Amino acid sequence: NVVSVLGPYSLASAGVLLSVGVVKLVAITITVVAGYRGGFIFPFMFVGISLGQACCQLVGPERLPAEAVMLCLAAAINVAPTRTPLATPLVLSTIAG
């Protein structure tokens, strides 16, 4: 159940989730360009989950499995910059259970 997994985060509107995802992408870009120490793998996963939940709300939760969409977008957004097509799904499958 998405509500039990995400808690109150799953009740946010699609607009809020889209803006959170976009703002987080901008923040990641600024910190990476500025040379800030720290990882960007899990922030990318957060962006994918935000955008995946927004997509499910826009299309309709009964038409798309929310967990699958969120994991697929988290993997896609993470694989593109890190070029780790095998490691990213393994990490996500471990996190997702």
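A residue counts as exposed when its relative accessible area is over 50%, and as buried when that area is under 20%. This structure is a predicted model, and the cut-offs can be applied to it residue by residue.

Take Arg-83 to begin with. Its relative accessibility is 72%, so Arg-83 counts as exposed. Arg-83 is found in the loop that runs between helix α4 (66-82) and helix α5 (87-96). Its backbone is also worth a look: phi of Arg-83 is near 55 degrees, which is a positive value in a residue other than glycine.

Val-47 is found in helix α3. What does Val-47 touch, if residues up to four places away in sequence are not counted? The contacts are Gly-21, Lys-24, Leu-25, Ile-28 and Ile-77.

Together with Phe-44, Leu-51 and Ile-77, they make up the largest nonpolar core, which has five residues in all. Helix α3 (residues 41-59) gives the most to this core, with three residues. In soluble globular proteins, nonpolar side chains tend to be buried together.

The next step is to see how helix α3 lies against helix α2. Two packed helices are described by the angle between their axes and the distance between the axes. Here, the axes of α2 (residues 14-33) and α3 come within 8 Å and cross at roughly 155 degrees. An angle over 145 degrees counts as roughly antiparallel, so α2 is roughly antiparallel to α3. The crossing of the two helices is left-handed. Residues of α2 that meet α3 include Leu-17, Gly-21, Lys-24, Leu-25 and Ile-28. On the α3 side, the residues taking part include Phe-44, Val-47, Leu-51 and Ala-54.

Cysteines are the last topic. A disulfide is a covalent bond between the sulfur atoms of two cysteines. How many disulfides does a search of the whole structure find? The search finds zero. Cys-56, for instance, is in no disulfide, and the nearest cysteine sulfur, that of Cys-55, is 7.0 Å away. For a disulfide, the two sulfur atoms would have to be within 2.5 Å. Is Cys-56 buried or exposed? At 3% relative accessibility, Cys-56 counts as buried, whereas Cys-72, at 53%, counts as exposed.

Methods: Residues are numbered from 1 along each chain as its sequence is written. This is a predicted model: local features need pLDDT of at least 70, side-chain atom pairs count only at pLDDT 80 or more; totals for chains, interfaces and linings use all residues. Side-chain values use heavy atoms; hydrogens and water are left out. A nonpolar core is a set of buried Ala, Val, Leu, Ile, Met, Phe, Trp, Tyr and Cys residues joined through side-chain atoms within 4.5 Å. Buried means under 20% relative accessible area, exposed over 50%, partly exposed in between (1.4 Å probe, protein chains only). Helices (H or I, at least four residues) and strands (E, at least two) are DSSP runs, numbered from the N terminus. Contact means heavy atoms within 4.5 Å. Axes are lines fitted to C-alpha atoms, for helices over the stretch in contact, and angles run from 0 to 180 degrees between N-to-C directions. Angles under 35 degrees count as roughly parallel, over 145 as roughly antiparallel, 65 to 115 as roughly perpendicular and the rest as oblique. A crossing is left-handed if the near helix is turned anticlockwise from the far one by less than a right angle, and right-handed if clockwise.
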